[in-house]
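This report examines one protein structure in a few short sections. Please keep the sequence and the 3D view at hand while reading.

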Amino acid sequence: MRILRAQGRAAAPWSNGGGVTREIAVQPPGSGWDTFAWRVSLADVTRDGPYSPLPGVRRILTVVDGAGLELTVDGTARLLPERYRPFAFPGGAATGSRLLDGRPVVNLNVMLREGRAAATVEMVRGSRRVWPAGDGAADRASDRDGYPDRDRDPDEVMVVAVEGRTRLGVPGGHEARLGRFDAALLTAPDAAAAALWTDGTAAVIALSVTAPGRS
């Protein structure tokens, strides 16, 4: 289990000046915008405006702080008035956002290279094992279309504490405590053996990657 603390994450400004993004993790590690298979980040959105187009990338966006957003994706408006409702859409689509009530928001962003990576994002409250998801899971989004191994188990599972306090327990009595926007990255076998407790809300992100050339 790798702990990824919120403190000290570098903030990179958006090209349009509408906010900043803070990378939580990327696969492969150290890869840039043109080479990642998946990328998970938190973005501060401070004003209305267009999103940078990302052809060949799928996105799952979840508002985790603020009053909400209205997203317009290829001319179709989608209201996201509540926090913790994951929404999947193509990164290459013409996309703009409007802040509800004009107040800034924080978005949890999962970006996936088409044909190379897939993910599910689930918002969890209370206690459960980290993986697999429970039958009663609500507030969940999946993006596995076009992924060669769409039905296989994930490679890694990330837990992001988005509200309140979160604890992870793993075999051997080890425990990790996550503050707001801290994250933990586990392999799938470790995630299946780990327990999660939160007095707020945590995002559980199951991530899969296929190597280039694999079918």
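Which residue in β11 does Val-40 stand opposite? Val-40 stands opposite Val-110.

## Basis of the model

The model is a predicted one, in which local features need pLDDT of at least 70 and side-chain atom pairs count only at pLDDT 80 or more, while totals for chains, interfaces and linings use all residues. Residues are numbered from 1 along each chain as its sequence is written, and side-chain values use heavy atoms, with hydrogens and water left out.

## Overall composition

The protein contains 18 strands and 1 helix. Both kinds of element are DSSP runs numbered from the N terminus, with at least four residues (H or I) for a helix and at least two (E) for a strand. Of its 215 residues, 49% count as buried; buried means under 20% relative accessible area, exposed means over 50%, and partly exposed lies in between (1.4 Å probe, protein chains only).

The accessible surface comes to about 9,800 Å², and carbon and sulfur atoms hold 49% of that area. The areas come from the Shrake-Rupley method with a 1.4 Å probe, and for residues only the protein chains shown count as cover. Among contacts (heavy atoms within 4.5 Å) with a separation of 6 or more, 70% join residues 24 or more positions apart.

## The open sheet

Strands of a sheet pair through backbone hydrogen bonds, either parallel or antiparallel. Here, 6 strands form an open sheet with antiparallel pairing, in the order β2-β3-β4-β11-β6-β9. Two strands are taken to pair if DSSP finds at least two bridges between them. At the edges stand β2 (11-13) and β9 (87-90), each with a single partner strand, so one side of each has no neighbour in the sheet.

Individual pairings can be followed across the sheet. β2 and β3 are joined over 3 bridges, and Ala-12 stands opposite Thr-21 in β3. β3 and β4 pair over 8 bridges, with Glu-23 opposite Ser-41 in β4. β4 and β11 also pair in the antiparallel sense, over 8 bridges.

## The nonpolar cores

A nonpolar core is a set of buried Ala, Val, Leu, Ile, Met, Phe, Trp, Tyr and Cys residues joined through side-chain atoms within 4.5 Å. The largest one has 29 residues, of which Ile-24, Trp-38, Val-110, Met-158 and Ile-205 touch the most other members. Strands that each supply at least two residues of this core include β3 (19-27), β4 (38-45), β11 (105-113) and β18 (195-209). A second, separate core of 18 residues includes Val-157, Val-170, Leu-178 and Ala-184.

Leaving aside neighbours within four places in sequence, the contacts of Ile-205 include Val-40, Leu-108, Val-110, Val-157 and Met-158.

## Salt bridges

A salt bridge is a side-chain nitrogen of Lys or Arg within 4 Å of a carboxyl oxygen of Asp or Glu. By this rule the count is 11. In one of them, Arg-22 joins Asp-44, with the closest N and O atoms 2.6 Å apart. Arg-22 belongs to strand β3 and Asp-44 to strand β4, 22 residues apart. Arg-22 is partly exposed at 28% relative accessible area, and Asp-44 is partly exposed at 24%.

Asp-65 and Arg-180 form another salt bridge (3.4 Å, N to O). Asp-65 is in strand β6 and Arg-180 is in the loop between β16 (174-178) and β17, so the pair ties together parts 115 residues apart in sequence. Finally, Arg-167, Glu-175 and Arg-177 are linked in a network of salt bridges.
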